[in-house]
Amino acid sequence: MKVEQNESKVKVLYIVGTGHSGSTLLNLILGSSKNAYSLGEVAHFSQSGLQQCNCSEIISTCDLWGEYFSKFSLGDTEGIYPLKSSFKEYLKFMFACLLKRNRVGLASLFSGKNYADSVLYNELLSKVKGSIRPGVEILIDSSKGFNRLFYLSTLPGIDLSVIHLVRDGRSVIHSYEKRGYSGFTRIFKWLLINLQIDFFCKKFMKSKSLRLSYDQFCMDPSLALAQINSFFGLKVDTVKYLDDVNSSVNHNFAGNHHVSRKKIESVRCDLAWKKNFSWLKATMLSVLLYVPNKIWVYPSKKKLKEVKE
């Protein structure tokens, strides 16, 4: 099923999920589409003036982002909607998801706010179409945060579509632990965040969202890209996508710099947790995460057959 299009709004494809879920790689590949342009993690925009863009310039002097950084840092808006929310605001989101019947009802949570996301998307689209890629119709934002998805879904000027990206919880935990984070707390965050996203998408974005297993994507990228093309109307070359990514200059920022600033040789699953976790730890995590991994990450043979058909 292909998502419905609204020609009068800015079309934004938002990638949502937990950290270390593979969004940087997916964002770059989808950004090779002839009718889409990947922006990176827009939620970090207001705080990223000294970060380096993938074009090698810092954000505040980049050809694409520079003028907007100055404008939204010094203008009359509150900047870009932040990635993190207070616990009080987080609870409001949760109760709103349970109590509100549609996205119109969710907008009341942001009354009185003057964030500039719609303006930024509009101006970026005009500039990209005018000087970078004339055929662009869709902007890709890989910020991942659930609260940002919640906010963007309430904006009347955005035609929002969503990819809920889920990676095997064991790989996510291993990735966090390599960087010094507690794997124990990340287990529950991985479960909670994906449950929230799954519930939200089914209730408010059912015809506009697609859940994508990062692990299945790595196993058969061409099949997954064909599905994404069909659902969202993208035009990613399902055969030469890596050549397209490696041969183009993009203006992504934030995300995994080890992926975004190097030549991508191949797409493959990282199963290092099997080697680095103890037998006991691997077994405990496999048991604990069996059901959510089975539902979100590893579809049954029947479901895989349905996707291929």
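Select Phe 95 to start; this residue sits in helix 3, where helices (H or I, at least four residues) and strands (E, at least two) are DSSP runs numbered from the N terminus. The model is predicted, so local features need pLDDT of at least 70 and side-chain atom pairs count only at pLDDT 80 or more, while totals for chains, interfaces and linings use all residues. Residues are numbered from 1 along each chain as its sequence is written, and side-chain values use heavy atoms, with hydrogens and water left out.

**The surface patch**

Phe 95 counts as exposed because its relative accessibility is 52%; buried means under 20% relative accessible area, exposed over 50%, and partly exposed in between (1.4 Å probe, protein chains only). Helix 3 (residues 87-99) gives the largest share of the patch, four residues.

**The nonpolar cores**

Next select Phe 200, which touches Cys 97, Leu 106, Phe 146, Leu 149, Phe 150, Ser 153 and Met 205, not counting residues up to four places away in sequence; contact means heavy atoms within 4.5 Å. Phe 200 is also among the residues that touch the most other members of the largest nonpolar core, which has 46 residues; the others are Phe 45, Trp 65, Leu 139, Leu 149, Phe 150 and Leu 160. Elements giving two or more residues to this core include helix 2 (66-74), helix 5 (117-131), strand 4 (158-166) and helix 8 (183-204). Apart from it lies another core, of 29 residues, among them Leu 13, Tyr 214, Phe 217 and Ile 264. A nonpolar core is a set of buried Ala, Val, Leu, Ile, Met, Phe, Trp, Tyr and Cys residues joined through side-chain atoms within 4.5 Å.

Go to Tyr 37 in strand 2 (residues 36-40). Tyr 37 is buried, because its relative accessible area is 1%. Among the residues it touches are Leu 64, Val 128, Arg 133, Leu 139 and His 251. Glu 137 is 100 residues from Tyr 37 in sequence, yet 8.1 Å away in space, C-alpha to C-alpha.

Ser 32 lies in the loop between helix 1 and strand 2. With a relative accessible area of 12%, Ser 32 is buried, and its contacts include Arg 133, Tyr 241 and Asp 244.

**Helix 7**

Now select helix 7 (residues 169-178): eight of its ten residues are buried, so this helix is largely enclosed by the rest of the structure. Its buried residues pack against helix 8, helix 13 (272-276), helix 14 (279-288) and helix 15 (290-297). Just after helix 7, Gly 180 has a positive phi of about 90°.

**Two other positive phi values**

His 20, not a glycine, has a positive phi of about 60°. His 20 is in the loop between strand 1 (10-16) and helix 1 (23-30), and is partly exposed at 24%. Finish at Lys 144 in strand 3 (residues 138-144), a residue other than glycine with a positive phi near 75°. Lys 144 counts as buried at 11% relative accessibility.
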